[in-house]
Amino acid sequence: MIPQVRPDIGDEEIAAVTDVLRSGMVAQGRRVAELEERWADFIGTKHAIAVSNGTVALMSIYAGMGLGPGDEVITVSHTFNATVSAILFTGATPVFVDIEPDTWVIDAKRIEAAITSRTRAICPVHLFGLPADMDMIRAIADRHGLAVVEDACQSHGAEFRGRKTGSFGHAAFSLYGTKNMMTGEGGLITTDDDRLADWIRLYRNQGMSRRYHHDILGYNFRLTDLQAALGLVQFAKLERNTERRRRIARRYDAGFADLAIQTPVTPEGRTHVFHQYTIDVGRERDAIVDELARNEIGVGVYYPIPVHRQPYVQELGIEADLPVTERTAGRTLSLPMFPGLAESDQDEVIRAVRSAVGDRAPNGAERSAVTAAVR
């Protein structure tokens, strides 16, 4: 079986964790501080704050902004649930806009029409490792006095016009075990806002400025030195592994060039880090997934039920008309993508996809017509 994802864990990670265990200092300590310093320098922000996971990273940003009932955040539904649950955590309301039919990231041209007097922030998701249009989003936010909160949980090292994702506002990164850079579980927050950074550092540590002095209501959202030690080794591998992911994506692109499917699009001025290699295979997606599984090709479907269709969101009375999101949710799948994927396995994936797609996928004319209709 060729897995869809596999963490890159080697002797360096094992040695780093062993060193921490032998030191006897396993809680948040100097390795967490080093990871924060290196990540802030890499992204190009004043602050990086490590927390226990990517969901908590988003929750902490919104809590630190003072978001609450009556406030709104504009975001997308074609994303992992945490993008939305972090907004709802504060009592604020997500306002959904549709995605672009070719990149599957937020359609920035639709944002301005969704702004109301209650809007506090725009949350673009850099989905699968591709940045959203940050020039347009930043311009809209500045024009309306809104915060930008980047969901960068899948975009470690991706760039928009030479700037790293995570540097355009406040941002959350996930360090979950399958991410391009991982600590098993974990998250990083980046920001240039001194007040917010100081507040989050208290918030993640039970609200304590010093032991047993609780200045604010806080929680235990800390990262351990064990996790940070993993993260430091992973960070050292990040650029190498990103190039490996890009090479795999180029081989997939070439292998599927004559198929009537939509492969990943990278607009000019953006770099893709291929957390996932996702393709639109048409209305027969589920049958194709089943055939690939029978041929022992691991496949992921991200995300079959858009967040605005999840029962708990519908029970809140939140509605949205998102035709591109709905279409994408029923047609896309993600192929094996991880740095250690051998060329022989890549070739097997390409052969299996070509066989499974067969005559199931729409022809190019149909795909072009549908794409034009939803723009």
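**Group meeting: overall build and cores of the chain**

Let's start with overall size. This is a predicted model. For 375 residues, a compact globule would have a radius of gyration near 21 Å, and the protein chain has 21 Å, so the two agree. Along the principal axes, the C-alpha atoms fill a box of roughly 65 × 55 × 40 Å.

Next, the make-up. The protein chain has twelve helices and 13 strands. How much of the chain is buried? Of the 375 residues, 57% count as buried. Now the contacts. Take those with a separation of 6 or more: 72% of them come from residues 24 or more positions apart.

The accessible surface comes to about 15,400 Å². Carbon and sulfur atoms hold 49% of that. As for charge, there are 42 positive and 50 negative charges. Their mean positions are 2 Å apart.

Now the inside. The largest nonpolar core has 28 residues. Which of them touch the most other members? They are Ile 74, Ile 106, Ile 111, Ile 122, Leu 127, Met 134 and Ile 137. Helix H5, residues 134-144, gives this core its largest share, four residues.

Look at Ile 106 on your screens. Leave aside its neighbours within four places in sequence. Ile 106 is then in contact with Thr 75, Val 76, Val 97, Asp 98, Ile 99, Glu 100, Ile 111, Pro 124, Ala 132 and Ile 137. Two of these partners, Ile 111 and Ile 137, are also on the list of core members that touch the most others.

Notes. Residues numbered from 1 in each chain as written. Predicted model: local features only at pLDDT ≥ 70, side-chain atom pairs only at ≥ 80, totals over all residues. Heavy atoms only, no water. Helix = DSSP H or I, 4+ residues; strand = E, 2+ residues; numbered from the N terminus. Rg over C-alpha atoms; globule rule 2.2 N^0.38 Å. Buried < 20%, exposed > 50% of the residue type's maximum accessible area, 1.4 Å probe, protein only. Contact = heavy atoms within 4.5 Å. Areas by Shrake-Rupley, 256 points an atom, 1.4 Å probe, with all protein chains shown as cover. Lys, Arg positive; Asp, Glu negative; His and termini not counted. Charge placed at Lys NZ, Arg CZ, Asp CG, Glu CD. Core = buried A, V, L, I, M, F, W, Y, C linked by side-chain atoms within 4.5 Å.
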